[in-house]
Amino acid sequence: MNKQLIQKLNRRSFLASSLRAALFGAFAINSSAFAQSTPWRNWSGGLNFQPQGRFDITEEEQLIELLKSTTGAIRPVGSGHSFSPLIPTDGHLVVIDQLNGILDYDNDSMQATFGAGSRLGDLGAPLYEIGQGMMNLPDIDRQTVAGATATGTHGTGVEFNSLSGYITGLRLVTPNGEIRDIDASDGDLFDAARVNVGALGVVTQVRMQNRSAYKLKKREWTAPTEDILSRFDELAANHRHFEIFPLVYSDYSLVLQIDESDEPIGQTIIPAEETTLADLRPLGVDATPAEKLAMNNALAERAEVSEAVDLSYKLLSNIRVNPFNEMEYSVPAEVGADCVREVLKTIYDEAIEVDFPLEYRYVKPESPWLSMAYGDEPHATISIHRNASQDYRPYFDRIEPIFWKYGGRPHWGKIHSLGFSELERLYPRYRDFVEVRESLDPSGRMLNDHLKKLFIA
Ligand SMILES: Cc1cc2nc3c(=O)[nH]c(=O)nc-3n(C[C@H](O)[C@H](O)[C@H](O)COP(=O)(O)OP(=O)(O)OC[C@H]3O[C@@H](n4cnc5c(N)ncnc54)[C@H](O)[C@@H]3O)c2cc1C
C-alpha cells in the first residue's frame, strides 16, 4: 500500500471515529464510548492515570479537524519525561509523536525545522548527515522537541540558552483549531509560545537555530566541592559546558567538563556516568552522617578520571536507567553556590535519608517569558533527586523552602508546590503569559488541575 493511501485511510478512520464521538457524547470528545485508552504513566512511574482516550495524530489536518470539531478537555503529551502533573486529565491525550523528523533545513542560516514529536535523540544523526548539530542538549535526549521546549528544558553552559532559546519559529495549532506560524516578528506571542507549558495549543513544528556539526571532548573526575564552587564562575567561563554533581554526605563532587575538540573519536573508554554516580553514593544505610562522610570521601578520592571524544550529540546527553523523581529550581548565579552549600548542609545536619547527588548547572539569560533563565542575568539550576521507589515528599518538602529563600524559580516539568500567586512574583511577565493563554483558550479546555493551579488567579 502506498504512503498516500495509508494517509488517506488513516484520515478516513480518524474522521469516522470523530463522528462516532460526536454521536455518543454531549461534548463529543468526552464520550466514554470513544477511543478508550490504556493507562498512562510518566517515566518515573510517580504519575499514573486513565485518560478517557487518546488521539494519535498522523497528520496536522487531523489535529485541526479534532480541535475544531470537539470541545472537551485535552492535554498534548510528549514522551512523558516530566515529573510534575502536567499531563493527567479527565479528557483526552493528544499524541503527536508521528509528526517527527527533519522537515526542512537551511545550511546558510544553520537552522532546521523539526516535526515537534521528534525525540531529541533521534535528530542527532540525521542532523549530522546534513552538516548541522544542535547547540546544546539536556541530561537525557528521550524527550520530544515539543515537550522539552514546552517546559524550558536546558543543558549546562553559561553561554548556552535553554532549548527554547534556540527556537526561531514554531507552528501552534490553537485550542480551536487555527494554525499560527509564530516567529520573532510576532513579539509577545513568540516570547510566550517558546516556553508554553502545553497551555496554548498543540505545537506541531519547531524551527531551531543550530550550528555546523562538531565534536566534543568530555572529561569527568571527582574534586572537592568547595574548591569547585569557589571557582565555578571562572571554570564555567573557561569551558563550553561545565557542571557538577555534588555528592551528599561527602566533601566531593563529580565534575563534568565538555569542550569542542578536533581529536579522533573514542580514545578513552568512558565509564557510564550513572555507574560512577552509583558507586559514589553513600554506602551503609544505618551509618551516621559522619561515618557516611568518611566512607564517601574515601571512595571519591579513589575515583578515576575519564575522557571521551565523540560527535556532539553522542556526548551531551546520558542514559538514565534508574528511575527517580526530581525537583529543580533556578536561582541567580551569584547566589547559586550558597544555595548548594545550604542544601548539602541541611541534608547532613538533619541526617535526611537520601543518597542521590545534587546537580548544579548554569544557563544563559534569555527572553522566553516562562524560562527559568528569563531576564538579564545568568541563572544557576540546582536539582535534587530521590529514587522512584522512595517517597520523595519529606525530602523535597524540606529543601524547597531553601530554593525559595534564594529567589528560586521552579522547572515546569519537575516537582514543585507553587501556584499562581507565588509564580507571578518570580516571573516578571507571568500575567502577560496568562493573558495570552486566556485569549487562545478562553474555555480552558487545555487546563488540568495542575495547570489551573499555575495559571488561574
Ligand atoms: C531522566 C530525566 C532527565 C532530565 N534531564 C533534564 C535536563 O537535563 N534539563 C531539563 O531542563 N530537564 C530535564 N528533564 C525534564 C524534561 O526535559 C522535561 O520535563 C520535558 O518537558 C519532558 O519532555 P517530554 O517530551 O517527555 O514531554 P512531556 O513530559 O510528555 O510533556 C511536557 C509538557 O509539554 C507539553 N507538550 C508535549 N507535547 C506538546 C505539543 N505537541 N504541543 C504543546 N505542548 C506539548 C505537555 O502538555 C506538557 O505540558 C529530565 C527528565 C528526566 C526524566
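**Exercise 1.** In this predicted model, determine which secondary-structure elements each supply at least two residues of the shell around the ligand.

*Solution.* Step 1: β4 (74-77), α4 (145-150) and β11 (202-212) each provide at least two residues of this shell. Step 2: among the contributors, α4 gives the most, with 4 residues. Step 3: by domain, at least three residues of the shell come from each of domain 1 (3-95) and domain 2 (102-213).

**Exercise 2.** Describe the residues that surround the ligand and state which are the closest.

*Solution.* Step 1: the ligand is surrounded by 36 residues, and P76, H81, S82, D139 and H154 are the closest. Step 3: a polar backbone atom of D139 lies 2.7 Å from an oxygen atom of the ligand, while a polar backbone atom of H154 is 2.7 Å from a nitrogen atom of the ligand. A side chain also takes part: a polar atom of the K414 side chain is 3.5 Å from a ligand nitrogen. Step 4: of the 960 Å² of accessible area that the ligand has on its own, the protein covers 99%.

**Exercise 3.** Characterise the lining of the second largest cavity.

*Solution.* Step 2: its lining comprises 15 residues, with T156, E243, L256, I258 and L316 nearest the centre. Step 3: β13 (241-246) and β14 (252-260) each supply at least two lining residues; the largest share, 3 residues, is from β13. Step 4: this lining divides into 6 nonpolar, 5 polar and 4 charged residues, and domain 2 (102-213) and domain 3 (215-406) each contribute at least three.

Methods: Residues are numbered from 1 along each chain as its sequence is written. This is a predicted model: local features need pLDDT of at least 70, side-chain atom pairs count only at pLDDT 80 or more; totals for chains, interfaces and linings use all residues. Side-chain values use heavy atoms; hydrogens and water are left out. A residue is near a molecule or strand if one of its heavy atoms lies within 4 Å of it. A polar contact is a pair of N or O atoms within 3.5 Å; within protein, one must be able to donate a hydrogen and the other to accept it, and residues adjacent in sequence count only if both atoms are side-chain atoms. Accessible areas come from the Shrake-Rupley method with a 1.4 Å probe; for residues, only the protein chains shown count as cover. Domain bounds come from an automatic or database domain assignment. On a 1 Å grid over the protein atoms alone, a cavity is a set of points where a 1.4 Å probe fits but cannot get out, and a pocket is an open set with protein on both sides within 12 Å along at least five of seven lines; lining residues have an atom within 4 Å of a point. Ala, Val, Leu, Ile, Met, Phe, Trp, Tyr, Cys and Pro count as nonpolar, Asp, Glu, Lys and Arg as charged, and the others, Gly among them, as polar.
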